[in-house]
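Please open the model in your viewer and keep the selection tool handy. We will walk from one stop to the next, and at each one you will hear what to select and what is there.

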Amino acid sequence: VDQKSVWIGTNWKMNKGPAEAIAAARAFSNFHLPEGVRCFLAPPATSLRDVCSVLQDTPMMVGAQNMFWEDSGAWTGEISAPMVAECGASTVLLGHSERRQHFGETDWTVNRKVHAALRHGLRPLICIGDTADEFEFGVSQETLARQTKIALHGVSQEDLGRVVVIYEPVWAIGSAGRPAEAPFVSEIHTKLRGVVQGIVGRNSSVRIPLLYGGSVSQANICDYVALPDVDGVLVGRAGWDPADFIKLVSRVG
Ligand code: PEP
């Protein structure tokens, strides 16, 4: 991974069916990515293939918001890594806090999914985050270290080079959330870098990008991206409108 890259992505969540998603994707079809910026979109599964088709010759990466770890079989309602890859996607969000909160995702399931993604050539974008309670009790670091260690358990040195970790405090996400203060994010990311380095070991060529997410906006994006151990951001609401997302990209590029 290029040390100077800044990552910026947006998670559309359960918004934009095919028609709306195609229209939004078209807004990026002539999009010029500033040097050193890496961008991704995560549309809902039913819009994935269309968005990938619209953006196939552009530098915009497209990813799923979730997937299952088995390749096929009797798993009603699930989609697999090969299906995501066949749609043309190159990445997948895993372990988003909304999956952990509402759909029973655990550190163990995230680990299985990370391995499945890597096996099928997808880049896993692994979301970790402390809850409001964990934050209040001062155990955020412990939670994040545990989530990261379990998510990356058994991943080869070579594959670690394709992984991205995203710190998203649960208390900072969504309209009920409040953005984490930049000095707090800085402290968390520096400690997280230590945890990741412990996992990556002596292979100094592997530098896993660490992104921040949670109520990122036009007003605060630069505060996060300026932090030494923050390699980019994941944006929800503030990036759903393509014009807004393009403006966010131009702020960091
Ligand atoms: C998210 O859910 O990944 C997210 C970052 O949401 P928001 O920016 O809307 O808080």
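Start by selecting α9 and colouring Ala182, Val185, Ser186, Ile188, His189, Leu192, Arg193, Val195, Val196 and Val200: these are buried, a label that means under 20% relative accessible area, with exposed meaning over 50% and partly exposed in between (1.4 Å probe, protein chains only). Before you go on, note that this is a predicted model, in which local features need pLDDT of at least 70 and side-chain atom pairs count only at pLDDT 80 or more, while totals for chains, interfaces and linings use all residues. Residues are numbered from 1 along each chain as its sequence is written, and side-chain values use heavy atoms, with hydrogens and water left out.

The element names follow DSSP runs numbered from the N terminus, with helices (H or I) having at least four residues and strands (E) at least two. An α-helix has 3.6 residues a turn, so residues three or four places apart point the same way.

What covers the buried residues of α9? Show β5, α7, α8 (157–160), β6, β7 and α10, which are included in that cover; contact here means heavy atoms within 4.5 Å. Then step just past the end of α9 to Gly201, which takes a positive phi of about 75°.

**Next stop: α7**

Select residues 140–151. This is helix α7, with twelve residues and a reach of 16 Å from first C-alpha to last, close to the expected 16 Å. Colour Ser140, Thr143, Leu144, Ala145, Gln147, Thr148 and Ala151, the buried residues of this helix.

Now zoom in on Thr143. At 4% relative accessibility this residue counts as buried. Display side chains and you can find a polar contact of 3.3 Å joining Thr143 and Glu134. A polar contact is a pair of N or O atoms within 3.5 Å; within protein, one must be able to donate a hydrogen and the other to accept it, and residues adjacent in sequence count only if both atoms are side-chain atoms. Leaving out residues up to four places away in sequence, Thr143 touches Gly129, Asp130 and Glu134.

**Next stop: the ligand**

How many residues surround the ligand? There are 14, and the closest are Lys13, His96, Glu168, Gly174 and Arg237. Coloured by class, the shell shows four nonpolar, six polar and four charged residues. Ala, Val, Leu, Ile, Met, Phe, Trp, Tyr, Cys and Pro count as nonpolar, Asp, Glu, Lys and Arg as charged, and the others, Gly among them, as polar.

Begin with Lys13, in the loop between β1 (6–11) and α1 (18–26). One of its polar side-chain atoms lies 2.6 Å from an oxygen atom of the ligand. Lys13 is not a glycine, yet has a positive phi of about 55°, and at 16% relative accessibility this residue counts as buried.

Move to Ser215, in the loop between β7 and α10. A polar backbone atom of Ser215 is 2.9 Å from an oxygen atom of the ligand. Ser215 also has a positive phi of about 55° without being a glycine, and is buried, with a relative accessible area of 15%.

Then pick Gly236, where a backbone N or O atom lies 2.9 Å from an oxygen atom of the ligand. Taken alone the ligand exposes 300 Å², and the protein buries 100% of that; these areas come from the Shrake-Rupley method with a 1.4 Å probe, and for residues only the protein chains shown count as cover.

Is Ser217 buried or partly exposed? At 24% relative accessibility, Ser217 counts as partly exposed. Look for it in the loop between β7 (210–213) and α10 (221–225), touching Ala238 and Leu248, with residues up to four places away in sequence not counted.

Select Ser47 in helix α2 (residues 45–54). Ser47 is buried, with a relative accessible area of 0%. Apart from neighbours within four places in sequence, Ser47 is in contact with Lys16, Gly17, Pro18 and Ala21.

Finish at Val249 in helix α11 (residues 242–252), a buried residue with a relative accessible area of 1%. Setting aside neighbours within four places in sequence, show its contacts: Ile8, Phe31, Leu33, Pro34, Val37 and Cys39.

Definitions and conventions. The expected span of a helix is 1.5 Å times one less than its number of residues. A residue is near a molecule or strand if one of its heavy atoms lies within 4 Å of it.
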